[in-house]
Amino acid sequence: MTSRFPYVFSPFRIGPVELRNRIFVPAHTTNYGVDHLPSDRHVHYHAEKARGGAGLIIFEAIRVHPTSIGRAQGVIGYDPRGVPAFRRVADAVHAEGTRLFGQIVHVGRHAEGHFGRTPTWGASPIPWTPGGPIPHEMNEDDMEAVVAAHVLTARHLREAGLDGLEVHFGHGHLLQQFLSPASNVRTDAYGGSEENRLRFPLGVLQAVREAMGPDFPVGIRISAEEFMAPGLGLEDMQRMVPTIAAAVPIDFVNVSHSAYIAHYSLATQMADMHFPRAAFRYLPAGIKAVVPHLPVFAVCRFNRLELAEEVLAAGEVDLVGMARAHIADPFLLAKARAGRLDEIRPCIACNQGCIAMIELHQPVTCLMNPTAGREAEWGEGTLTTAAVRRRVLVVGGGPAGLEAARVAASRGHDVTLWEREFEVGGQVNLAARIPTRREFTYARTFFEEQCRRLGVTIECGVEATVDRVLAFRPDAVVLATGARPKLLAIPGAAHVFSTWEALLKPAALGHHVAFIEADGNWQSVATAEHLAELGKRVTLITGGVAYGARITIYSMLAVRPRLREKKVRVMPLRAVRAVEGRAVVLEDLSTGEPDRLDGVDSIVAAVGGVAEDRLAHELRGRVPELRMVGDCVAPRTALEAIFEGHAVGRAV
Ligand SMILES: Cc1cc2nc3c(=O)[nH]c(=O)nc-3n(C[C@H](O)[C@H](O)[C@H](O)COP(=O)(O)OP(=O)(O)OC[C@H]3O[C@@H](n4cnc5c(N)ncnc54)[C@H](O)[C@@H]3O)c2cc1C
Ligand SMILES: Cc1cc2nc3c(=O)[nH]c(=O)nc-3n(C[C@H](O)[C@H](O)[C@H](O)COP(=O)(O)O)c2cc1C
Ligand code: SF4
């Protein structure tokens, strides 16, 4: 299969370091740190990706200074206790033939100071978001400390056996805060002109380069576009990168984009499924054009090797980063090499298991791949054949049932899955009716195809009843019967539509839709956006201060401008009390005063689901083993459904 991806599988050299192919795993914070140091979990996590064939892994943001910790599990590099811990990761990665670089960073103004009881540092006293900490404007002593901290961290990483490192000039972290006129309004030698704004970042880079010597790869990660005004754009970076490279010898430029600011910009960094694949490939291509002699890396939404091959073959860049694609499937390269492309578990760019967990200060995992972050217990080779082959009946072909069936079948069980509809997929089929959410379809198709490959008997159009289940004589039953939408009754309203009805029959809604948003999740937000996309006037009513409360900010920052563009009016802090003709009678929860929305044609309510658990009550005690997974336990999301399906597939 290497012939299908000749560029992907060609080796590449960065300074003295030889990479076996041109795919790297970009740095991504995992929240696996223990006591701010790399943990066993890191070792297993990265070893798995190395076994899976990645040419290069760039370890997550390694914080260089106490003012940069910012999160409970953030990994630091300035503590000498880190050297043996980093060495364990490096050894594990090297043992599989992969190279390991570090990423050294001071995050600047977006580090909350709770972890070291430190003030927040920045170029200027401008917070990254309204309500964020106001940074202390760094003086030259502070800058000196940060230069020394970068050098100390770099020395530790080299001592630990890492093969190279990148200094973070991007993602709105401290050095970008100095580079960008959006965050640097200083009037001293470090602000104003481009030359001045470059002074401190170049000082850091120069010191690291000198400390590492010429034979240790040192590169930079940049944001080639901040996507905001006043901010840095591609043209600015096309000027700055050659200036940087002329001032300090660097071995590569890793090109990303975005600034860390509560703005659309941040949502581009981990572009979700609403963004086209490889949407930002013009940025690294634009940088390569001005530094053709330097290796340039591309990243973001390269979730298919075909895309990586395309940009490599076009000569746009030298290496392609696949971060989330590797979280979803650490073995994607090994599978491609073996010609098993169909078995690559795709990243659907949902952001739910990975970056959403970072926001929640939880360990990173993956909606599509529940084994991510659990490699020691659930990683490659841990799915062993069951001691006794059992007859397992799975009821329900949503993501929970499909994953339970897939895992049980791969352990050698005789698995049958019943689905009452004429196709499997459950609610995923509804979600995927929304064109911009179509990538969600893989939460059905990938698992369905693997089930078929493993010999699961899938029978659609079969409704499980107690009698049918008992007649089947299963050794174990897994109920994955999902949920239905909760219906809302409002005094005076003839009918309140559910999201399901709204998606299936949008024409029945008329033009002006009052959309009651109470689940805070994609089911409501994506449906409301879709209705607006269809040309309807949508008024979003929520009892909270904001809608989409359960969706990660890394996606919400792009949702808000999209809804604004579609003229979706948001009425926060409102409770619906009644309907009078075409008017919805509301209460303003901030003042307790009445409010109204006139001229409404229909009301859609997204108020959560009701678990389909009747069969569970009826079967309890009547089959040898009964288990429940997914929304039929409690209505939630596909993240929990697939996780529970996986766990039960291992347990039956
Ligand atoms: C519009 C919409 C958008 C959504 N967007 C997202 C999103 O962006 N991210 C996310 O994580 N989640 C999203 N969800 C929620 C997610 O789809 C569900 O949480 C997930 O599908 C639950 O999986 P499940 O397998 O437990 O149940 P379901 O998907 O509900 O599947 C249950 C299956 O069981 C079948 N069944 C029920 N009873 C029987 C029976 N007696 N016999 C045979 N078959 C039976 C049903 O027909 C159904 O196919 C969305 C849901 C909707 C409706
Ligand atoms: C969970 C998560 C954590 C991340 N943490 C970092 C980080 O520590 N440093 C960094 O430079 N980029 C970080 N990123 C950004 C990625 O390196 C990458 O640029 C981004 O995910 C887009 O690439 P992808 O589409 O291949 O995932 C993170 C991304 C994710 C999903
Ligand atoms: S959680 Fe979603 S976006 Fe993140 S890696 Fe998994 S599939 Fe991709």
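Tutor: Two strands pair if DSSP finds at least two bridges between them. Keep in mind that the model is predicted.

Student: What makes strand E24 and E25 a pair?
Tutor: Strand E24 (residues 583-588) and E25 are joined by 4 bridges in the antiparallel sense. The requirement is at least two bridges, so the two strands pair. In one of these bridges, Leu586 has Asp595 of E25 as its partner.

Student: Why are strand E23 and strand E25 called edge strands?
Tutor: The open sheet has 3 strands in the order E23-E24-E25, with antiparallel pairing. Strand E23 (574-580) and strand E25 (594-597) each pair on one side only, and they are the edge strands. Neighbouring strands here are turned by 30 degrees against each other on average, direction ignored.

Student: Why is strand E26 described as largely enclosed by the rest of the structure?
Tutor: Buried means under 20% relative accessible area. In E26 (residues 602-606), 5 of the 5 residues are buried, so the strand is largely enclosed.

Student: How do you know that both faces of E26 are covered?
Tutor: In a regular strand the side chains alternate between the two faces of the sheet. Ser602, Val604 and Ala606 lie on one side, Ile603 and Ala605 on the other, and all are buried.

Student: Which strands pair with E26 in the parallel sense?
Tutor: Among them are strand E19 (residues 497-498), over 2 bridges, and strand E20 (residues 512-517), over 5 bridges. Val604 of E26 is the bridge partner of Phe497 and also of Phe515.

Student: Why is H14 called roughly parallel to H22?
Tutor: The axes of helix H14 (residues 399-410) and helix H22 (residues 638-651) cross at roughly 25 degrees and come within 7 Å. Angles under 35 degrees count as roughly parallel, so H14 is roughly parallel to H22. The crossing is right-handed. Residues in the contact include Ala400, Ala404 and Val407 of H14 and Ala641, Ile642 and Gly645 of H22. By class, the contact has 8 nonpolar, 3 polar and 3 charged residues.

Student: Why does Arg186 count as buried?
Tutor: Its relative accessibility is 7%, and the cut-off is under 20%, so Arg186 counts as buried. Arg186 sits in the loop between helix H4 (174-179) and helix H5 (194-212).

Student: What does Arg186 touch, leaving out residues up to four places away in sequence?
Tutor: Its contacts include Glu137, Met138, Met143 and Phe178. Pro125 is 61 residues from Arg186 in sequence and 9.5 Å from Arg186 in space, C-alpha to C-alpha.

Technical notes
Residues are numbered from 1 along each chain as its sequence is written. Chains are lettered from A and ligands numbered from 1 in the order in which they are written. This is a predicted model: local features need pLDDT of at least 70, side-chain atom pairs count only at pLDDT 80 or more; totals for chains, interfaces and linings use all residues. Side-chain values use heavy atoms; hydrogens and water are left out. Axes are lines fitted to C-alpha atoms, for helices over the stretch in contact, and angles run from 0 to 180 degrees between N-to-C directions. Angles under 35 degrees count as roughly parallel, over 145 as roughly antiparallel, 65 to 115 as roughly perpendicular and the rest as oblique. A crossing is left-handed if the near helix is turned anticlockwise from the far one by less than a right angle, and right-handed if clockwise. Contact means heavy atoms within 4.5 Å. Ala, Val, Leu, Ile, Met, Phe, Trp, Tyr, Cys and Pro count as nonpolar, Asp, Glu, Lys and Arg as charged, and the others, Gly among them, as polar. Buried means under 20% relative accessible area, exposed over 50%, partly exposed in between (1.4 Å probe, protein chains only).
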